[in-house]
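Colleague: Could you walk me through a few features of this model and how to read them? I'd like the general idea each time, then the case here.

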Amino acid sequence: MGIFYEESGRVFTLQTRHSTYQMKADGQGVLLHTYYGEKTDNTDLSCLIARGDRGFSGNPYSMGGTDRTYSLDTFPQEYSCFGTGDYRISALKVENADGSRAVSLRYAGHAISKGKYALPGLPAAYGTEEEAETLSVDLKDEESGVAVRLYYGVFEDLDVITRAAEITNGGEEGVTLLKAASLCLDWQTGEYDWITFHGRHAMERNFQRTGIVHGLQSIGSVRGASSHHYNPFVMVCGKNTGEEHGDCYGFSFVYSGEFLMEAEKDQMDQTRLICGIHPDDFAWKLEPGETFTVPEVLMAYSGEGQGGVSRIFHRLIRDHICRGQWKHSRRPVLINNWEGTYFDFTGDKLVDIAKDAAKLGIELFVMDDGWFGKRDSDNSGLGDWYPNEKKLGCTLKELGERITALGLRFGIWFEPECISIDSDLYRAHPEWAVAVPGRNPVLSRNQLILDFSRKDVQDYLIERISNVLGSAPITYVKWDFNRSICDKYSHALPADRQGEMAHRFVLGLYRVLETLTESFPEVLFEGCSGGGGRFDAGMLYYTPQIWCSDDTDAIERLQIQYGTSFGYPVSAMGAHVSAVPNHQTGRVTPLATRGCVAMAGTFGYELDLNKLTEEEKEEISRQISTFKELYDCIQYGDYYRLASPLSGSCTVWETAAPDASEALVSAVYHHVQANPVPVYVKLRGLSEDASYRVCLVGKTGETILSGAALMHGGLAIPPAKGDYCSWQIHLTRI
Ligand code: DGJ
């Protein structure tokens, strides 16, 4: 059991295997946050809250002016409110019917139940009654009637606590939510850094660690999607925390739309973190009796540094976010024709590539952009989801059958949320495109956004995509989204509800995905947004893998996949071997290195196999056999970042089977040197007292070393032989 309630002090303590989280409804009914961190007992830690008469930090009226040491401006709280004396960043901001912006919440009750709560219409972690428990705490603003139910899901074994909220207008007049966060977390003590992941198209999730200093720091997105630019996953850690030691917290927003993650160090040197929907383009009207559900945040604590938190998130996402029959089944090794042909293909050309693919052991052929409507460039056709039989030279069914007859699965690409002005759909329904009346909308990749906040648009896409999927033997869909949203306006919403459009768009996307994944359970959906522009736990609930980046350069990928690995597992990261010189950077890397890097993801190819030499094809065939042989260790192993791509000469990572029976160490020299300094790494996740057979993949010879020697003494990585050389080192317990 992980949830404890101590009635006399109204203290809630949430216990996981290695962490404790605590809150308390105090005498004023304020829900104070009293602790989150390394496991402790159920002692009421509100004793640590410092009190003092602090100028300009006011006191609640209910104190009757007698206690000037009690201030919501300094006390740690579970869900901070705007406008009533807490001047720090807030979780909740409401506009009342009289125009005032004051809300103040007090404890009104709670419930504890087995199992994990679910959120209507939104993705959320799930768990059985044996795996999870739920605490809900009710808070209420007496004056307006606004009621907030805070949800806590406790996955005791996993060291995970989830948070979400429901906000109900229990009053008699309408109110507008101006900010509704999912998480407010206060640390009373300690100095912290936070680690965030910034980027751009074709260079996502770059690691950045900075101190949380006095003032506000934030990351977020107002682009309609979670974005390439900032990922909705952050870590907060102690100043001395490293990759494998020290206090570390992770926070992942299970949401694919506009988000804001803010950190503030306050006047008392306390740290506050807020995560939720970005308030800039959010205003949600709540009529009396209506409820708004705030998306979920996943939280984890580990005393084993950033690596400890990453491994928790990898398990959590694999086992409690990803769903459906592909969750744990072997994902097929795929070939995608995008970088092989771009828009320039015919059905015969695709079949020719598929023939080579089948011979090499590839399992799935994916036909990317260009198979539908009038689509020979990215200037037209989006929205017309009808196969272009003239270009394919046959029906979609016939093409699918030709490919499946080769022993391959068949998959196709869609970009359902966008529309080209030059399309039949736009000509029929210009009002379905997102644009502010009277203004010309911004074009991006020469396309517009389809208004997914509208039910008729959602229903149309469900019908059209279902039709295509039902018409041919398709078992994979790549779901792309190639621009950011702006000019937000929906013809289906009244003026005073336009502030709901961005969130309704995401709810619409989730509804479409939920319907399609339910109707086509055998189809593997891969998310994509110009690469990794919507790489978040929300999408992973529907699409268990996401194309990591449009940058397929193996050396750049080291950095992208390194950053991605902090919050997301290998099984979520779409990674392919592409041709050299690389199409994005012009760099030439060895095929072995491209294979090694792509194997740190879902693994596939993205080139024209017909253009390769026999030697290259043989090497690819060997790569695929290696990947298939090591599949379980790579996809389900515990992941360790042993040497970072951000420094030194060699990036090294390891996946170790959870039972320590085998491990794969992958090393890529991103920088080749004369007279090189040797590279040593200390392995992790092995049995100290077992012996391991250590082999270089693809080479003969072996060494026998003990787990203790490998973990404490270390392993020497063979030196680089030429530019961007790589090694895969396989260890098996004897
Ligand atoms: C962006 C994706 O990331 C690419 O892989 C490819 O599918 C193109 N879109 C197609 O337009």
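Colleague: Which residues does Thr651 touch, not counting residues up to four places away in sequence?

Modeller: Contact means heavy atoms within 4.5 Å. On that basis Thr651 touches Leu558, Ala643, Ser644, Pro645, Ser666, Ala667, Val668 and His670, leaving aside residues up to four places away in sequence. Keep in mind that this is a predicted model, where local features need pLDDT of at least 70, side-chain atom pairs count only at pLDDT 80 or more, and totals for chains, interfaces and linings use all residues. Residues are numbered from 1 along each chain as its sequence is written, and side-chain values use heavy atoms, with hydrogens and water left out.

Colleague: Where is the place of Thr651, and does Thr651 count as buried or exposed?

Modeller: Helices (H or I, at least four residues) and strands (E, at least two) are DSSP runs, numbered from the N terminus. Thr651 sits in strand β32 (residues 650-656). For burial, under 20% relative accessible area is buried, over 50% is exposed, and partly exposed is in between (1.4 Å probe, protein chains only). Thr651 has 3% relative accessibility, so it counts as buried.

Colleague: Salt bridges next. How many does a search of the whole structure find?

Modeller: The rule is a side-chain nitrogen of Lys or Arg within 4 Å of a carboxyl oxygen of Asp or Glu. Searching the whole structure gives 48 salt bridges. Take Glu243 and Arg641, whose side chains meet at 3.0 Å, N to O. Glu243 lies in the loop between β14 (233-238) and β15 (248-253) and Arg641 in strand β31 (residues 638-643), so this pair ties together parts that are 398 residues apart in sequence. Glu243 and Arg641 are both buried.

Colleague: Which helix do Lys455 and Asp459 lie in?

Modeller: Both are in helix α7 (residues 455-471), four residues apart, about one turn of the helix. Another pair is Asp422 and Arg427, with the closest N and O atoms 3.1 Å apart. Asp422 is partly exposed at 28% relative accessibility, while Arg427 is exposed, with a relative accessible area of 51%.

Colleague: Which residues are linked in a network of salt bridges?

Modeller: That network links Asp86, Arg88, Asp186, Asp266 and Arg272.

Colleague: Now the backbone. What should I be looking for?

Modeller: Most residues other than glycine have a negative phi, and most peptide bonds are trans. Arg445 is not a glycine, yet has a positive phi of about 50 degrees. Arg445 lies in the loop between α6 (424-428) and β24 (447-449) and is partly exposed, with a relative accessible area of 27%. Ala660 is not a glycine either and has a positive phi of about 65 degrees. You'll find Ala660 in the loop between β32 and β33 (662-669), where Ala660 counts as buried at 7% relative accessibility.

Colleague: And what joins Val580 and Pro581?

Modeller: A cis peptide bond, with omega about -10 degrees. Pro581 is in the loop between β29 (576-578) and α11 (591-598).
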